[in-house]
Protein chains: 2
Amino acid sequence: MSTRAQTATTNDLLPSWSDGPAKQAILDFMRTTIDRLSPSYVLPEDRIAVFDQDGTLWVEHPMYTQVVYCLERVPGVVANKPELRNVEPFKTVLSGNREAIARLSMRDLEKILVATLTGMSVEEFNAEAKKWLETARDPRWNRPYTELVYQPMLEVLRYLHENAYKTYIVTGGGQDFVRVYAEKVYGIPPEQVVGTAGGTKFGYAKDGKPFLTKDAKLLLNDNNAGKVEGIHLMIGRRPYAAFGNSTGDRQMLEWTGAGAGTRLKMLLLHDDAVREYAYGPAQGLPDTKVGTFTPALYDEARKKGWTVISMKNDWRQVFPFENQATEARP
Amino acid sequence: MSTRAQTATTNDLLPSWSDGPAKQAILDFMRTTIDRLSPSYVLPEDRIAVFDQDGTLWVEHPMYTQVVYCLERVPGVVANKPELRNVEPFKTVLSGNREAIARLSMRDLEKILVATLTGMSVEEFNAEAKKWLETARDPRWNRPYTELVYQPMLEVLRYLHENAYKTYIVTGGGQDFVRVYAEKVYGIPPEQVVGTAGGTKFGYAKDGKPFLTKDAKLLLNDNNAGKVEGIHLMIGRRPYAAFGNSTGDRQMLEWTGAGAGTRLKMLLLHDDAVREYAYGPAQGLPDTKVGTFTPALYDEARKKGWTVISMKNDWRQVFPFENQATEARP
């Protein structure tokens, strides 16, 4: 007990972070916004922080987890609708040919998303997604996808929660999908998940019980400028801190940074091929279609004083399951 | 001090409520959902309560306050766009002819809403609405509209807050309009206001600063079935308590009531022409186009065990400014 108490110093609130400018930016932001005597003091009710999810809170490579879900749901959908079996793109997905699947067009992918994410009741969708998350495994780590979350970001979330910050996920991913696990995995309740959202349709079952069906109409494309529009729609005030990792988060960081007082703007650079993945193409990293961090975004970050987090250098530990980093220390 | 402490018994948490089935329903609901030993115990993180606004939390007669705002904003809009001066429906509004204004069609009203609620930045709108709310007066009571809130409902909100319930406004009114005052008036922060919402458009000012413009595209028509769709979109879980006063709240109460365990469903009946207004047409009250409580809704309430609150009989005090009811008591 006493050892634990002794190690609970300010620095230990972020034990997976190496000492350096990224960790310092977080500590400075917190100190200046929660100190009543600071000119940048923020009232507790105004403390809002937003986080992109894919590539910011959990792994997004080689493919967004929700896309994996949709592809793996195809057999189940076809079992209920056998007429799709020989129709593209479902036929290709059922073939299991990874190369052919990787070549599917955006339009094909949209057809798969619509077939696997809409047309069912909200409860049915939640049950399916929950079941999948409990059984599916990422092939590289052979672990549930929900374990592939970044330990340093969990520490930031906790640090924010402990200081009365309300944390939101603002994701290009499906709002309903992320809500299935966000409370358990991040401690973020459904109402604090803002994501790409389709409409729902209210109706009555035969017994008179009302239900909602997920429909294909897009209400909010929560990417790029859509993230700012989503923040206005769902939160209604400007965040004081924003975390992202790709060009899809640019406007969200700009919007956050344009507010008065101290604002924290951070971008995670995936430059650690050993512990996770390395992609960019900022800083000469390999180009990618999933979570692009362009040289232009890097330049904007430098110019505007946003903090770039190097996974390789700023994080002593990446995942919660590699406990070495914290446990090995005295 | 000791007198105050003595009167803080359970019953006094709702001092403006007369003893009767409505007050009892609220007390019973609370007891059964916060008692860990109750089969209907609700975990604190799941405690969600939703309130319609117009006619449920504040006065909606003879005209929705937001419509008054839009009509009174017309001169300001025309000052910036003189070409509208002789165009209908703006011409009629500028004439000040109340009878002619009352005869405007829904299409005319929509034109006025679009002209006064969209086309400006989010900040400009907030500043305009705030300014109006500070100066406008309801003609009957000669008070700011934000004072025409129901004391008994403020007590319910507080009672819920004190027991870890998260309260949401779910209103057919404009989300952005209600957010301007909800925190100050009800203690409900912007992110807990769900309302009819239009899109916004992200852009950059000449100095590179990002801004959002309110546009006329309707994202969510938060009325009738739209209230349930709005609850799913913005909250993502089913409420345990729902308060409304008109057919526009029917589906929200049905949705709330269809959940497992104990759920509180309440409808306010405006049957007090002396202290407020009497309209229905349930229970033989005069028919109305603003906040219709139909006989069919009354029947459904009775059949499903929803509680109808009689303003006349269940409320000892209607407004916070008539302090007699609480202060006169021993």
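Predicted model: local features only at pLDDT ≥ 70, side-chain atom pairs only at ≥ 80, totals over all residues.
Me: Hi! At what angle do the axes of helix α10 of chain A and α9(B) cross, and within what distance do they come?

Reply: Hello! The axes of α10(A), residues 225-234, and α9(B) cross at roughly 60 degrees and come within 10 Å. Axes here are lines fitted to C-alpha atoms, for helices over the stretch in contact, with angles running from 0 to 180 degrees between N-to-C directions. Helices (H or I, at least four residues) and strands (E, at least two) are DSSP runs, numbered from the N terminus.

Me: Thanks! How much area do chain B and chain A bury between them?

Reply: They bury about 3300 Å², with 55% of it on carbon and sulfur atoms. Buried area is the accessible area (1.4 Å probe) that two parts lose on being put together, summed over both. In chain B, the residues that lose the most area to chain A are B:Glu191, B:His232 and B:Leu233, together 19% of what that side buries.

Me: How many residues does each chain bring?

Reply: Chain A brings 39 residues to the contact, and chain B brings 39 residues.

Me: How many salt bridges are there across the interface?

Reply: The rule finds eight between chain B and chain A. A salt bridge is a side-chain nitrogen of Lys or Arg within 4 Å of a carboxyl oxygen of Asp or Glu. One of them joins the side chains of A:Glu191 and B:Arg237, at 3.0 Å from N to O. Another pair is B:Arg238 with A:Glu123, whose closest N and O atoms are 3.2 Å apart. That pair runs from the loop between α10 and β5 (241-244) of chain B to helix α7 of chain A.

Me: What about α3 and α7 inside chain A, how do their axes cross?

Reply: Helix α3 (residues 65-80) and helix α7 (residues 122-135) of chain A have axes that come within 11 Å and cross at roughly 105 degrees. α3(A) and α7(A) are therefore roughly perpendicular to each other. On the α3(A) side the contact includes A:Tyr69 and A:Arg73, and on the α7(A) side it includes A:Phe125 and A:Trp132.

Me: Switching topic: which peptide bonds are cis?

Reply: One is from A:His61 to A:Pro62, with omega near 0 degrees. A:Pro62 sits in the loop between β1 (48-51) and α3 of chain A. The bond from B:His61 to B:Pro62 is also cis, with omega near -5 degrees.

Me: Last one: where is A:Asn142, and what is its phi?

Reply: A:Asn142 is in the loop between α7 and α8 (151-162) of chain A. Its phi is near 50 degrees, a positive value in a residue other than glycine.

Key: Residues numbered from 1 in each chain as written. Chains lettered and ligands numbered in written order. Heavy atoms only, no water. Contact = heavy atoms within 4.5 Å. Parallel < 35°, antiparallel > 145°, perpendicular 65-115°, else oblique.
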